[in-house]
Amino acid sequence: MKLLFVLTAIAALLALATAIEFDLSAAPEAANSRRCLSQWLPKNTHVKVNAKALPGFPGQKVNMEIHDDSPHLNQYGARNQMDDVTFRFDTQAHANVIACFQNVLEPGYPSDGRALTIQFTMESGAMAEDFHRVQQEEKLKPMEIELRRLSMTLDDIQEELQYLKQREGTLRDANERMNGRVKTFSFFSIAVLIGVAGYQVFYLRNFFQQKKLI
């Protein structure tokens, strides 16, 4: 029983999840007023996003979209007039996954500062898996399902560390190339300065000789 508790605690500490609640003010659609939340995630990470707009004053509708900031700008989901929505997807790139919300004030309603409360949760890796369903389908014991959860969490961390290692290697190579260019430029600058100094000495010597000063 203690081992099960320890494994559960480790999985909870290592898992990656973001939960937040905030108020989103309504504005006309033309204002394009949005609030975005982001979280960096490695490639091929399973993600579960849940967003809920709590009831409020009428004349408001919340639109939501999820994408990343990679060069391809991968789109992961969108919903207009959302109330309670869940998205599941696998990331396509090492990038920030961004969820943007817009509270649109419908025509005919005054801009009186009305707002809706948004509850947002983003879970990734092992936290995004439906282990209750897995346990029922595969008839696993509590210890087995926690071991499965811990194994998936450690795999996620290992993949992220591998990516960071590759990123570090890329940055190190770029730094070494930059250092090489700086060194080459420094040698070239010194050679130019020596050449200019030599030319000035030669020119001044000829000048003084022609003036019979030396």
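Leaving aside its neighbours within four places in sequence, which residues is V49 in contact with? Before we get there, a word on the model. This is a predicted model, in which local features need pLDDT of at least 70 and side-chain atom pairs count only at pLDDT 80 or more, while totals for chains, interfaces and linings use all residues. Residues are numbered from 1 along each chain as its sequence is written, and side-chain values use heavy atoms, with hydrogens and water left out.

Let's start with the overall layout. The protein chain has three helices and eight strands; these are DSSP runs numbered from the N terminus, with helices being H or I of at least four residues and strands E of at least two. Read from the N terminus, the order is α-β-β-β-β-β-β-β-β-α-α. Among contacts (heavy atoms within 4.5 Å) with a separation of 6 or more, 74% join residues 24 or more positions apart. Of the 214 residues, 30% count as buried, where buried means under 20% relative accessible area, exposed over 50%, and partly exposed in between (1.4 Å probe, protein chains only).

The largest nonpolar core has 23 residues, and V49, M64, I66, F101 and F120 have the most contacts inside it. Such a core is a set of buried Ala, Val, Leu, Ile, Met, Phe, Trp, Tyr and Cys residues joined through side-chain atoms within 4.5 Å. At least two of its residues come from each of strand 1 (16–25), strand 2, strand 3 (46–53), strand 4 (60–68), strand 6 (84–90), strand 7 and strand 8 (115–124). And V49 itself? With those sequence neighbours set aside, V49 touches M64, I66, V85, T86, F87, F89, F120, T121 and M122.

Next, look for the one disulfide of the structure, a term used for a pair of cysteine sulfur atoms within 2.5 Å. C36 is joined to C100, with an S to S distance of 2.0 Å. The two cysteines sit 64 residues apart and link distant parts of the chain, C36 in strand 2 (residues 35–41) and C100 in strand 7 (residues 95–105). The disulfide is right-handed because the torsion about its S-S bond is about 110°. C36 counts as partly exposed because its relative accessibility is 37%, whereas C100, at 2%, is buried.

Finally, turn to helix 3 (residues 142–210), where you will find Y199. This tyrosine has 55% relative accessibility, so Y199 counts as exposed.
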